[in-house]
Amino acid sequence: MDFKRIAAILPMLFASLLFSAGAQDLSASSGDIQFSDESIVAVVDSAALSGFESVYARPDTVMVDPYRYKFHWRQLVLPGALVAVGGFGVGNGWFKHIKTDLNDDIAHMRGHCYFRADDWIQYAPVVAYVGLGAVGVKCKHGIVERLLAGATAYAALGIMVNVTKRLVDEKRPDSSAMNSFPSGHTATVFMGAELVRLEYGWPIAVGAYTVAGAVAFLRLYNARHWLNDVLAGAGIGILSARIGYWMLPLYQKWFKLNKPRAPQVAALPFYSPVERGGGFAFNVVF
């Protein structure tokens with residue numbers, strides 16, 4: 001297999017992933033916004049059912065989160081396809097020749113020059129997801145909601161990756177272990193990139209997905225994974241991020257995160273007979 005052809009195919013593969021994942025955002029933007037003196041009504045057509053819910057807000061009611069992410073089966077297509085192709089490559093003889101030839105070509109190019117940056121840059125999109133809003137970048141949810149969605153996504157990822165590794169028991173290309181499928185590094189970085197997309201939109205997510213593609217390639221370059229491992233890892237990462245946002249409306253309901261609250265101030269007088277003095281104790285709850 002010619003490595004030059006592979007190098008030309010990989011960018012197109014990741015570009016197609018970006019385009020497919022972004023189709024939902026584009027469909028959700030096709031609605032019309034209507035204004036009145038009493039309310040703001042966002043009318044979104046049926047295609048937006050795969051994305052964010054419509055909003056109806058009155059001055060005398062609690063604002064509904066306009067970015068509440070609603071489950072739709074179309075959101076399973078991209079991650080499901082990636083995981084399916086990755087799983088197909090575990091035991092299929094034809095796919096085995098493809099991934100073996102690919103790793104051989106990469107090994108010939110690499111020689112003894114390994115580049116282990118993937119061990120730490122896998123976390124860059126996750127850090128960006130949590131931190132960008134804290135430094136002033138416009139985001140859709142507060143820090144508590146982002147932490148809840150991110151923690152849920154990471155928990156879902158950990159379960160899916162570790163259970164699958166134990167069940168499949170595939171040898172790594174460098175023969176160092178029997179836990180190659182799927183790629184946990186790739187799952188982590190794609191989860192972070194998808195979280196960035198859901199929270200901040202595509203202009204920022206392009207950078208996060210670029211980092212994700214680089215980590216996926218480095219897992220192949222460093223002989224740590226096969227092609228099908230990184231494909232399945234990408235699918236699991238994207239799915240995990242979406243699970244986090246599917247759960248977010250429940251967290252908002254359970255913890256009353258989307259209800260604006262005014263600061264509560266309490267002042268109580270006190271007297272100390274020992275010190276023969278008194279004063280006021282203030283308590284402020286935001």
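Two residues are in contact here when heavy atoms of one lie within 4.5 Å of heavy atoms of the other. Keep that in mind as we walk through this structure, which is a predicted model.

Let's start with the meeting of helices H7 and H9. On the H7 side, Thr186, Ala187, Phe190, Met191, Glu194, Leu195, Arg197, Leu198 and Glu199 take part, and they meet Val230, Gly233, Ala234, Ile236, Gly237, Ile238, Ser240, Ala241, Arg242 and Tyr245 of H9. Sorted by class, this contact has eleven nonpolar residues, four polar ones and four charged ones. To find the pair in the structure, look for residues 184-200, which form H7, and residues 227-254, which form H9; their axes come within 7 Å and cross at roughly 40°. The two helices are therefore oblique to each other, and their crossing is right-handed.

H7 has another partner to look at. Helix H6, residues 143-168, packs with H7 at an angle of about 155°, and the axes are 10 Å apart. Angles over 145 degrees count as roughly antiparallel, so H6 is roughly antiparallel to H7. The crossing of H6 and H7 is right-handed as well. From H6, the contact draws on Arg146, Gly150, Ala153, Tyr154, Leu157, Val161 and Lys165, while H7 supplies Gly184, Ala187, Thr188, Met191, Leu195, Glu199 and Tyr200. Eight of the residues in this contact of H6 with H7 are nonpolar, three are polar and three are charged. If you compare the lists, you will find Ala187, Met191, Leu195 and Glu199 of H7 in the contact with H9 and again in the contact with H6.

Now step back to the chain as a whole. It has nine helices and five strands, and along the sequence they follow the pattern α-β-β-β-α-α-α-α-α-α-α-α-β-β. Of the 286 residues in the chain, 40% are buried. Among contacts between residues at least 6 apart in sequence, 65% join residues at least 24 apart.

Two residues let you see such links up close. One is lysine 99, which is found in helix H3, residues 93-110. Is lysine 99 buried or exposed? Residues under 20% relative accessible area count as buried, so lysine 99, at 4% relative accessibility, is buried. Leaving aside neighbours within four places in sequence, lysine 99 is in contact with Gly89, Val90, Glu170, Trp226, Leu227 and Asn228. Its C-alpha atom is also separated by 9.9 Å from that of proline 173, 74 residues apart along the chain.

The other is leucine 220, which has its place in helix H8, residues 202-221. With 2% relative accessibility, leucine 220 also counts as buried. Not counting residues up to four places away in sequence, leucine 220 touches Leu102, Asn103, Ile106, Arg110, His225, Trp226, Leu227 and Val230. Take isoleucine 106 from that list: leucine 220 and isoleucine 106 are 114 residues apart in sequence, yet 7.5 Å apart in space from C-alpha to C-alpha.

Finally, a word on the cysteines. How many disulfides does the model have? The count comes to zero, with a disulfide taken as a pair of cysteine sulfur atoms within 2.5 Å. Cysteine 113 is exposed, with a relative accessible area of 52%, whereas cysteine 139 is partly exposed, at 26%.

How values were computed
Residues numbered from 1 in each chain as written. Predicted model: local features only at pLDDT ≥ 70, side-chain atom pairs only at ≥ 80, totals over all residues. Heavy atoms only, no water. Axes fitted to C-alpha atoms, helices over the stretch in contact; angles between N-to-C directions. Helix = DSSP H or I, 4+ residues; strand = E, 2+ residues; numbered from the N terminus. Parallel < 35°, antiparallel > 145°, perpendicular 65-115°, else oblique. Left-handed = near helix turned anticlockwise from the far one by under 90°. Nonpolar A, V, L, I, M, F, W, Y, C, P; charged D, E, K, R; others polar. Buried < 20%, exposed > 50% of the residue type's maximum accessible area, 1.4 Å probe, protein only.
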